[in-house]
There are 2 protein chains.
Amino acid sequence: MTQSSRSETIYYSLRRAIIEQALRPGMKLPEDTIGEQFGVSRTSVRNALVRLSAEGLVDVQPNRGACVAEPTLEEALDIFSLRRCLEREVANRLSRQITPAQLAKLEAHVREEQAALGSEGPLSMRLAGEFHILLAQLTGSRPLTRYVSEIVSRCSLILALYSRPHSSRCGLDEHRQIIEALRKGDPERAVAVMGQHIEAVEERAEIREHAEEPDVRAILGEYAKSA
Amino acid sequence: MTQSSRSETIYYSLRRAIIEQALRPGMKLPEDTIGEQFGVSRTSVRNALVRLSAEGLVDVQPNRGACVAEPTLEEALDIFSLRRCLEREVANRLSRQITPAQLAKLEAHVREEQAALGSEGPLSMRLAGEFHILLAQLTGSRPLTRYVSEIVSRCSLILALYSRPHSSRCGLDEHRQIIEALRKGDPERAVAVMGQHIEAVEERAEIREHAEEPDVRAILGEYAKSA
DNA sequence: CTCGTCAATATCGTATACAATTATCTTGCC
DNA sequence: GGCAAGATAATTGTATACGATATTGACGAG
């Protein structure tokens, strides 16, 4: 929105790059390099990194710089669990207060998802995430929106780390089901449908022990024993 | 913990000052002034403010500086609602996995609360909050801990804004009840007890239309009408 | 040839400086 | 006396500079 200040610009750019998996987990994020790319000084970059760190999208170690966060498998499962908790709350609230205009918005978004289904770029994945953020926004709760937004972003990291490519197919039908449940105005049903959807997303992601290398020491430890 | 860097020091200091209501909602937080007080430059202060802003404890407006956040009444109720959601999740998880050692820790904390009951300073209030943060920590979930921690902090803001002084009495017995429910290992009961506790906290806070002045114009508008 | 020590490099943490924006005060006018 | 416009002061946004810390590679002792 207000990308007036350079810090904001850097923040949103880095955030999008991470979510779209252009910046993959573990990648170093040196302040100098980023500053050069955007034509700004380290000062602005640092502020952006501090914010991203507070959201858990990047890890910063004192005097050692920042890198895209690499959630552990444990954290990954944890985040999905928390996501289920929060999104069920979203479904619960929305099922009690949603308006026809809001339902129309959701339907429009799903149509957009449908349209983007062909181009298997990062677009489809981003739209799937934004559907959930839109849901959160419609509750009118800023804190809830923030948390859902954060969690959904971090799920991108998790998919990048622990999921086979393309294994996260977009439950487009499930999104439609959610809309229908919300339209019905039955909280219990809406919560149940949402819970199942999140579980299905997690299921399809096939989260498993590091598709990528999570920790060098853990790997080498095994080799050291057998040596 | 690691208060190595000055930014960290500032961050934790400001955070505590806000939680203990030494810095009240709406107070301006000029970078220069803070920097002078701590004997550091604005650079470090800014980083701290960015973090606090990300957590919703301070509001920063571009080119106009930072001030302690003033959640609206709507946001306040919302935050309590979200708190109930998250803390029920905490209770749910803990009731399934809690260890005797952890129970002992909780009991020790409650004893500390008991001891601090006499000195009606900010200590008692802080400990009550930290009981909930401790619960979240015991789940072992970092994201959940962070969210609970944030929400509990923001509740301090809400109490400062919308609650009568001393109206937030510390449900010490309720904390003991929670521990007992967790010891039983019955998730449903634990969740219920926790939910009731949060509701009781909200109830006792007597959250209502501005105990403090929320907006000068609103007040003067009334006077203008009757003049 | 291996290991430990040390220099060189890269990167971060913080302070300072300056430009840009906003707030405050003065001044002149009605 | 009240109000508007301009000047001055205060505050933020950003860049640059320098010291501190960590990493890397080289060199020499064993």
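Buried means under 20% relative accessible area, exposed means over 50%, and partly exposed is anything in between (1.4 Å probe, protein chains only). Keep that scale handy for the close-ups below. This is a predicted model, where local features need pLDDT of at least 70, side-chain atom pairs count only at pLDDT 80 or more, and totals for chains, interfaces and linings use all residues. Residues are numbered from 1 along each chain as its sequence is written, chains are lettered from A and ligands numbered from 1 in the order in which they are written, and side-chain values use heavy atoms, with hydrogens and water left out.

**View 1. Arg84(A) and Glu202(A) meet in a salt bridge.**
A salt bridge here is a side-chain nitrogen of Lys or Arg within 4 Å of a carboxyl oxygen of Asp or Glu. For this pair the N to O distance is 3.8 Å. The two residues link distant parts of the chain: Arg84(A) sits in helix H4 (residues 73-97) of chain A and Glu202(A) in helix H9 (residues 187-205) of chain A, 118 residues apart. (Helices, H or I with at least four residues, and strands, E with at least two, are DSSP runs numbered from the N terminus.) Arg84(A) counts as partly exposed because its relative accessible area is 22%. Glu202(A) comes in at 17%, so this residue counts as buried. Over all chains, the count is 38 salt bridges.

**View 2. Chain A, seen as a whole fold, has 10 helices and three strands.**
Follow the chain along its sequence and you get the pattern α-β-α-α-β-β-α-α-α-α-α-α-α. Of the 227 residues in chain A, 50% are buried. Now look at contacts (heavy atoms within 4.5 Å) between residues at least 6 apart in sequence: in chain A, 77% of them join residues at least 24 apart.

**View 3. Tyr11(A) and Tyr12(A) form an aromatic pair.**
Rings of Phe, Tyr and Trp (its six-membered ring) pair if their centres lie within 6.5 Å; planes under 30 degrees apart count as stacked, over 60 as edge-to-face and the rest as tilted. There are three aromatic pairs over all chains. In the pair shown here, the rings are 5.0 Å apart centre to centre with 70 degrees between the planes, which makes it edge-to-face.

The size of an interface is often given as the accessible area lost when the parts come together. Three residues to look for are Leu82(B), Pro143(B) and Tyr147(B), which supply 24% of the area that chain B buries against chain A, more than any other three residues. The contact takes 24 residues from chain B and 24 residues from chain A.

**View 4. Glu75(B) reaches across to Arg142(A) in a salt bridge.**
Their closest N and O atoms are 2.6 Å apart. How many salt bridges are there between chain B and chain A? The count is six. On the chain B side, helix H3 (42-55), helix H4 (73-97) and helix H7 (142-162) each supply at least two of the residues that touch chain A. H4(B) gives the largest share, nine residues.

With 13% relative accessibility, Leu134(B) counts as buried. Leaving aside its neighbours within four places in sequence, Leu134(B) is in contact with Lys105(B), Leu106(B) and His109(B). The C-alpha atoms of Leu134(B) and His109(B) are 8.8 Å apart, although 25 residues separate the two along the chain.

**View 5. Asp173(B) and Arg176(B) form a salt bridge inside one helix.**
Both residues lie in helix H8 (residues 172-184) of chain B, three residues apart, about one turn of the helix. The N to O distance is 3.1 Å. Asp173(B), at 55% relative accessibility, counts as exposed, and Arg176(B), at 33%, counts as partly exposed.

Notes: Buried area is the accessible area (1.4 Å probe) that two parts lose on being put together, summed over both.
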